[in-house]
Amino acid sequence: MSGTVLACGLATVDVVQVVEAVPGPDEKVVALAADVTAGGPACNAALTAAALGVPTRFVGAVGSGPLSAVVLRELASGGVAVTDLAPPAFEPPLSTVLVTQATGERAVVSRNAVGVGDLGAPSDSALDALLDGVAAVLVDGHHLPVAVAVARAARRRGVPVLLDGGSWKPGLEELLAETDLAVLSSAFTVPGDPGSAGALQAVLTAGPSWAAVSDGAGPVRWRWAGGLHGEVPVPVVDVVDTLGAGDVLHGALLAELGRGGAGDLPAALARAVEVASRSVAHPGALGWARQR
(Lines give C-alpha, C1' and ligand atoms only; values in the text may rest on other atoms or scores of the structure.)
Protein backbone atom coordinates (compact mmCIF):
# COMPACT_ATOMS: atom_id res chain seq x y z
CA MET A 1 0.00 0.00 0.00
CA SER A 2 1.16 3.54 -0.78
CA GLY A 3 0.45 6.73 1.08
CA THR A 4 -0.16 9.95 -0.79
CA VAL A 5 2.92 12.05 -1.62
CA LEU A 6 3.16 15.81 -2.10
CA ALA A 7 5.53 17.73 -4.41
CA CYS A 8 5.92 21.43 -3.63
CA GLY A 9 7.66 23.87 -5.96
CA LEU A 10 8.12 24.95 -9.54
CA ALA A 11 6.05 24.24 -12.64
CA THR A 12 7.17 25.54 -16.03
CA VAL A 13 6.22 25.19 -19.67
CA ASP A 14 9.10 23.67 -21.63
CA VAL A 15 9.61 24.30 -25.33
CA VAL A 16 11.85 21.37 -26.27
CA GLN A 17 13.67 21.16 -29.59
CA VAL A 18 15.98 18.38 -30.74
CA VAL A 19 18.98 19.61 -32.73
CA GLU A 20 22.09 18.15 -34.31
CA ALA A 21 24.17 20.70 -32.43
CA VAL A 22 23.47 23.70 -30.21
CA PRO A 23 23.85 26.84 -32.37
CA GLY A 24 26.65 29.29 -31.83
CA PRO A 25 26.44 33.10 -31.96
CA ASP A 26 24.39 34.37 -34.94
CA GLU A 27 23.80 30.79 -36.11
CA LYS A 28 20.41 29.37 -37.04
CA VAL A 29 19.61 25.65 -37.01
CA VAL A 30 16.57 23.61 -38.01
CA ALA A 31 15.06 21.47 -35.24
CA LEU A 32 14.76 17.75 -35.90
CA ALA A 33 11.76 17.51 -33.54
CA ALA A 34 9.88 19.80 -31.18
CA ASP A 35 7.42 19.55 -28.29
CA VAL A 36 5.71 21.79 -25.75
CA THR A 37 5.27 20.17 -22.36
CA ALA A 38 4.99 20.81 -18.65
CA GLY A 39 8.26 20.90 -16.74
CA GLY A 40 9.94 22.10 -13.57
CA PRO A 41 11.52 20.01 -10.80
CA ALA A 42 8.50 19.56 -8.51
CA CYS A 43 6.06 19.22 -11.41
CA ASN A 44 8.12 16.48 -13.09
CA ALA A 45 8.66 14.77 -9.73
CA ALA A 46 4.91 14.75 -9.11
CA LEU A 47 4.22 13.28 -12.56
CA THR A 48 6.89 10.65 -11.96
CA ALA A 49 5.50 9.55 -8.59
CA ALA A 50 2.00 9.37 -10.07
CA ALA A 51 3.26 7.34 -13.06
CA LEU A 52 4.74 4.87 -10.57
CA GLY A 53 1.30 4.32 -9.07
CA VAL A 54 1.53 6.52 -5.98
CA PRO A 55 -1.33 8.99 -5.26
CA THR A 56 0.24 12.42 -5.75
CA ARG A 57 -0.48 16.08 -5.04
CA PHE A 58 1.28 19.16 -6.40
CA VAL A 59 1.34 22.59 -4.77
CA GLY A 60 2.82 25.64 -6.46
CA ALA A 61 1.97 28.43 -8.88
CA VAL A 62 0.15 27.40 -12.07
CA GLY A 63 -2.39 30.11 -12.94
CA SER A 64 -5.17 30.02 -15.53
CA GLY A 65 -3.82 31.40 -18.85
CA PRO A 66 -2.83 29.56 -22.05
CA LEU A 67 0.55 28.48 -20.67
CA SER A 68 -1.10 27.41 -17.43
CA ALA A 69 -3.40 25.15 -19.44
CA VAL A 70 -0.38 23.14 -20.64
CA VAL A 71 0.65 22.41 -17.06
CA LEU A 72 -2.87 21.77 -15.78
CA ARG A 73 -3.62 19.40 -18.66
CA GLU A 74 -0.52 17.27 -18.04
CA LEU A 75 -0.99 17.14 -14.28
CA ALA A 76 -4.63 16.16 -14.74
CA SER A 77 -3.80 13.47 -17.31
CA GLY A 78 -1.16 12.14 -14.91
CA GLY A 79 -3.71 11.94 -12.10
CA VAL A 80 -1.98 14.58 -9.97
CA ALA A 81 -4.18 16.74 -7.71
CA VAL A 82 -3.25 20.45 -7.86
CA THR A 83 -3.29 23.18 -5.22
CA ASP A 84 -2.64 26.40 -7.12
CA LEU A 85 -1.22 29.35 -5.18
CA ALA A 86 -0.71 31.63 -8.19
CA PRO A 87 -1.55 35.35 -7.94
CA PRO A 88 -4.01 36.89 -10.43
CA ALA A 89 -2.94 36.93 -14.10
CA PHE A 90 -0.05 34.56 -13.38
CA GLU A 91 1.29 32.17 -16.00
CA PRO A 92 4.11 29.68 -15.45
CA PRO A 93 7.59 30.59 -16.67
CA LEU A 94 8.69 29.44 -20.10
CA SER A 95 11.81 27.29 -20.51
CA THR A 96 13.68 26.83 -23.76
CA VAL A 97 15.38 23.44 -24.04
CA LEU A 98 17.77 22.28 -26.78
CA VAL A 99 18.50 18.54 -26.83
CA THR A 100 21.51 17.36 -28.83
CA GLN A 101 20.40 14.32 -30.83
CA ALA A 102 23.66 12.34 -30.77
CA THR A 103 24.32 12.58 -27.02
CA GLY A 104 20.98 13.38 -25.39
CA GLU A 105 22.61 16.32 -23.59
CA ARG A 106 20.38 19.33 -22.98
CA ALA A 107 20.87 23.08 -22.73
CA VAL A 108 18.20 24.97 -20.79
CA VAL A 109 17.28 28.64 -20.47
CA SER A 110 14.55 29.44 -17.93
CA ARG A 111 13.31 32.20 -15.66
CA ASN A 112 12.38 29.60 -13.03
CA ALA A 113 10.63 31.47 -10.20
CA VAL A 114 12.49 34.76 -10.74
CA GLY A 115 10.15 37.74 -10.59
CA VAL A 116 7.14 35.74 -9.39
CA GLY A 117 7.17 37.41 -5.98
CA ASP A 118 6.06 35.98 -2.67
CA LEU A 119 3.18 33.53 -3.09
CA GLY A 120 2.55 33.67 0.65
CA ALA A 121 2.65 30.66 2.91
CA PRO A 122 -0.59 28.65 3.17
CA SER A 123 -2.66 29.08 6.33
CA ASP A 124 -2.56 26.43 9.05
CA SER A 125 -5.96 25.11 7.95
CA ALA A 126 -4.80 24.96 4.31
CA LEU A 127 -1.67 23.09 5.37
CA ASP A 128 -3.79 20.64 7.37
CA ALA A 129 -5.87 19.90 4.27
CA LEU A 130 -2.83 19.73 2.00
CA LEU A 131 -0.98 17.26 4.23
CA ASP A 132 -3.95 15.10 5.20
CA GLY A 133 -2.98 11.50 4.46
CA VAL A 134 0.43 12.48 3.05
CA ALA A 135 3.29 10.03 3.70
CA ALA A 136 6.19 12.00 2.16
CA VAL A 137 6.90 15.51 0.85
CA LEU A 138 9.29 16.82 -1.79
CA VAL A 139 10.43 20.45 -1.98
CA ASP A 140 12.63 21.86 -4.75
CA GLY A 141 13.65 25.18 -3.14
CA HIS A 142 11.54 27.35 -5.43
CA HIS A 143 8.77 29.55 -3.94
CA LEU A 144 10.77 29.36 -0.72
CA PRO A 145 8.23 30.72 1.83
CA VAL A 146 5.70 28.11 0.68
CA ALA A 147 8.32 25.34 0.72
CA VAL A 148 9.46 26.21 4.24
CA ALA A 149 5.89 26.31 5.57
CA VAL A 150 5.01 22.98 3.94
CA ALA A 151 8.23 21.31 5.11
CA ARG A 152 7.87 22.61 8.68
CA ALA A 153 4.24 21.47 8.90
CA ALA A 154 5.14 18.06 7.46
CA ARG A 155 7.92 17.48 9.97
CA ARG A 156 5.60 18.40 12.84
CA ARG A 157 3.43 15.52 11.63
CA GLY A 158 6.39 13.13 11.38
CA VAL A 159 6.25 13.15 7.56
CA PRO A 160 9.70 12.86 5.89
CA VAL A 161 10.75 15.82 3.74
CA LEU A 162 12.97 15.32 0.69
CA LEU A 163 14.87 18.21 -0.92
CA ASP A 164 15.61 18.29 -4.63
CA GLY A 165 18.91 20.19 -4.47
CA GLY A 166 19.44 21.23 -8.08
CA SER A 167 21.29 24.42 -7.17
CA TRP A 168 21.80 26.74 -4.21
CA LYS A 169 19.15 29.44 -3.83
CA PRO A 170 19.21 32.44 -1.47
CA GLY A 171 17.61 31.47 1.83
CA LEU A 172 17.94 27.74 1.23
CA GLU A 173 19.54 27.28 4.66
CA GLU A 174 16.12 27.91 6.21
CA LEU A 175 14.59 25.10 4.15
CA LEU A 176 17.49 22.73 4.86
CA ALA A 177 16.77 23.12 8.58
CA GLU A 178 13.28 21.66 7.89
CA THR A 179 14.51 18.84 5.61
CA ASP A 180 15.15 15.18 6.48
CA LEU A 181 16.70 13.98 3.22
CA ALA A 182 18.43 15.75 0.35
CA VAL A 183 19.46 14.55 -3.10
CA LEU A 184 21.80 17.01 -4.80
CA SER A 185 22.96 17.44 -8.36
CA SER A 186 26.68 17.47 -9.11
CA ALA A 187 26.30 21.20 -9.85
CA PHE A 188 25.03 21.95 -6.33
CA THR A 189 27.50 23.97 -4.29
CA VAL A 190 27.15 25.69 -0.94
CA PRO A 191 28.35 29.33 -0.83
CA GLY A 192 32.00 29.33 0.17
CA ASP A 193 32.43 25.62 -0.56
CA PRO A 194 34.50 24.50 -3.58
CA GLY A 195 32.48 21.57 -4.88
CA SER A 196 29.92 18.79 -4.53
CA ALA A 197 32.07 16.63 -2.22
CA GLY A 198 32.09 19.35 0.41
CA ALA A 199 28.49 20.25 -0.35
CA LEU A 200 27.34 16.82 0.75
CA GLN A 201 28.77 17.26 4.23
CA ALA A 202 27.77 20.93 4.40
CA VAL A 203 24.15 20.01 3.64
CA LEU A 204 24.17 17.32 6.33
CA THR A 205 25.48 19.85 8.82
CA ALA A 206 22.62 22.22 7.89
CA GLY A 207 19.81 19.85 8.88
CA PRO A 208 19.15 16.66 6.87
CA SER A 209 20.15 13.34 8.43
CA TRP A 210 20.83 11.72 5.02
CA ALA A 211 21.98 13.12 1.70
CA ALA A 212 23.09 11.92 -1.71
CA VAL A 213 24.63 13.51 -4.80
CA SER A 214 24.13 12.37 -8.39
CA ASP A 215 26.79 12.66 -11.09
CA GLY A 216 25.27 11.92 -14.48
CA ALA A 217 26.32 8.43 -15.56
CA GLY A 218 28.59 8.14 -12.52
CA PRO A 219 27.56 6.48 -9.25
CA VAL A 220 25.20 8.27 -6.86
CA ARG A 221 27.04 8.80 -3.55
CA TRP A 222 25.08 8.83 -0.30
CA ARG A 223 25.98 9.62 3.30
CA TRP A 224 24.33 9.57 6.72
CA ALA A 225 25.03 12.45 9.11
CA GLY A 226 26.69 9.92 11.41
CA GLY A 227 29.31 9.08 8.79
CA LEU A 228 28.04 5.85 7.19
CA HIS A 229 28.29 6.20 3.42
CA GLY A 230 28.11 4.31 0.16
CA GLU A 231 27.20 4.61 -3.49
CA VAL A 232 24.69 3.31 -6.00
CA PRO A 233 25.93 2.43 -9.50
CA VAL A 234 24.03 3.86 -12.46
CA PRO A 235 22.93 1.29 -15.08
CA VAL A 236 24.38 1.70 -18.57
CA VAL A 237 21.71 2.64 -21.14
CA ASP A 238 21.62 4.08 -24.64
CA VAL A 239 20.99 7.76 -23.92
CA VAL A 240 18.34 9.54 -25.98
CA ASP A 241 17.49 12.54 -23.79
CA THR A 242 18.78 13.57 -20.37
CA LEU A 243 16.11 16.26 -19.88
CA GLY A 244 14.46 15.88 -16.48
CA ALA A 245 16.51 12.85 -15.41
CA GLY A 246 17.21 14.44 -12.04
CA ASP A 247 13.54 15.31 -11.59
CA VAL A 248 12.63 11.69 -12.33
CA LEU A 249 15.20 10.50 -9.79
CA HIS A 250 13.63 12.71 -7.12
CA GLY A 251 10.09 11.74 -8.07
CA ALA A 252 10.94 8.05 -7.99
CA LEU A 253 12.56 8.42 -4.57
CA LEU A 254 9.51 10.36 -3.38
CA ALA A 255 7.36 7.43 -4.53
CA GLU A 256 9.61 5.04 -2.60
CA LEU A 257 9.21 7.15 0.53
CA GLY A 258 5.45 7.10 0.01
CA ARG A 259 5.65 3.30 0.01
CA GLY A 260 7.58 3.29 3.28
CA GLY A 261 11.07 3.18 1.80
CA ALA A 262 12.58 5.45 4.46
CA GLY A 263 13.45 2.31 6.41
CA ASP A 264 16.15 1.39 3.86
CA LEU A 265 17.20 4.54 2.03
CA PRO A 266 20.10 3.04 0.03
CA ALA A 267 17.74 0.40 -1.39
CA ALA A 268 15.08 3.03 -2.10
CA LEU A 269 17.71 5.18 -3.81
CA ALA A 270 18.84 2.22 -5.94
CA ARG A 271 15.30 1.65 -7.17
CA ALA A 272 14.92 5.36 -7.94
CA VAL A 273 18.21 5.34 -9.87
CA GLU A 274 16.89 2.48 -12.02
CA VAL A 275 13.81 4.53 -12.95
CA ALA A 276 15.89 7.64 -13.72
CA SER A 277 18.28 5.60 -15.87
CA ARG A 278 15.37 4.13 -17.78
CA SER A 279 14.03 7.63 -18.38
CA VAL A 280 17.04 8.85 -20.37
CA ALA A 281 16.48 6.10 -22.95
CA HIS A 282 13.28 7.90 -24.02
CA PRO A 283 12.59 11.42 -25.33
CA GLY A 284 11.35 13.93 -22.76
CA ALA A 285 11.29 13.75 -18.99
CA LEU A 286 8.20 11.52 -18.96
CA GLY A 287 8.63 9.61 -22.24
CA TRP A 288 9.50 6.48 -20.27
CA ALA A 289 6.14 6.60 -18.48
CA ARG A 290 4.23 6.57 -21.76
CA GLN A 291 6.03 3.34 -22.73
CA ARG A 292 5.11 1.46 -19.56
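This is a predicted model. A place to begin is the pair of helices α7 and α8, whose crossing is right-handed. Helix α7 covers residues 245–258 and helix α8 covers residues 265–279; their axes come within 8 Å and cross at roughly 140 degrees. Because of that angle, α7 is oblique to α8. On the α7 side, the contact is made by Ala245, Val248, Leu249, Ala252, Leu253, Glu256 and Leu257. On the α8 side, the residues involved are Leu265, Ala268, Leu269, Arg271, Ala272, Val273, Val275, Ala276 and Ser279.

The crossing of α1 past α7 is right-handed. From α1, the contact involves Pro41, Asn44, Ala45, Thr48 and Ala49. From α7, it involves Asp247, Val248, Gly251, Ala252, Leu254 and Ala255. The residues of the contact between α1 and α7 comprise 7 nonpolar, 3 polar and 1 charged. Val248 and Ala252 of α7 take part in this contact, and they also take part in the contact with α8.

The cysteines come next. How many disulfides does the model contain? The count comes to 0 disulfides. A disulfide is a covalent bond between the sulfur atoms of two cysteines. For Cys8, the closest cysteine sulfur is that of Cys43, and the distance of 13 Å is too far for a bond. The cut-off for a disulfide is a sulfur separation within 2.5 Å. Cys43 likewise is in no disulfide, the nearest cysteine sulfur being that of Cys8. Cys8 counts as buried because its relative accessibility is 1%. Cys43 is buried too, with a relative accessible area of 0%.

A last stop is Leu176, which is found in helix α5, residues 172–176. Is Leu176 buried or exposed? At 1% relative accessibility, Leu176 counts as buried. Setting aside neighbours within four places in sequence, Leu176 is in contact with Leu163, Trp168, Val203, Ala206, Gly207 and Pro208. Gly141 is 35 residues from Leu176 along the chain, and the C-alpha atoms of these two residues are separated by 9.2 Å.

Technical notes: Residues are numbered from 1 along each chain as its sequence is written. This is a predicted model: local features need pLDDT of at least 70, side-chain atom pairs count only at pLDDT 80 or more; totals for chains, interfaces and linings use all residues. Side-chain values use heavy atoms; hydrogens and water are left out. Axes are lines fitted to C-alpha atoms, for helices over the stretch in contact, and angles run from 0 to 180 degrees between N-to-C directions. Helices (H or I, at least four residues) and strands (E, at least two) are DSSP runs, numbered from the N terminus. Angles under 35 degrees count as roughly parallel, over 145 as roughly antiparallel, 65 to 115 as roughly perpendicular and the rest as oblique. A crossing is left-handed if the near helix is turned anticlockwise from the far one by less than a right angle, and right-handed if clockwise. Contact means heavy atoms within 4.5 Å. Buried means under 20% relative accessible area, exposed over 50%, partly exposed in between (1.4 Å probe, protein chains only). Ala, Val, Leu, Ile, Met, Phe, Trp, Tyr, Cys and Pro count as nonpolar, Asp, Glu, Lys and Arg as charged, and the others, Gly among them, as polar.
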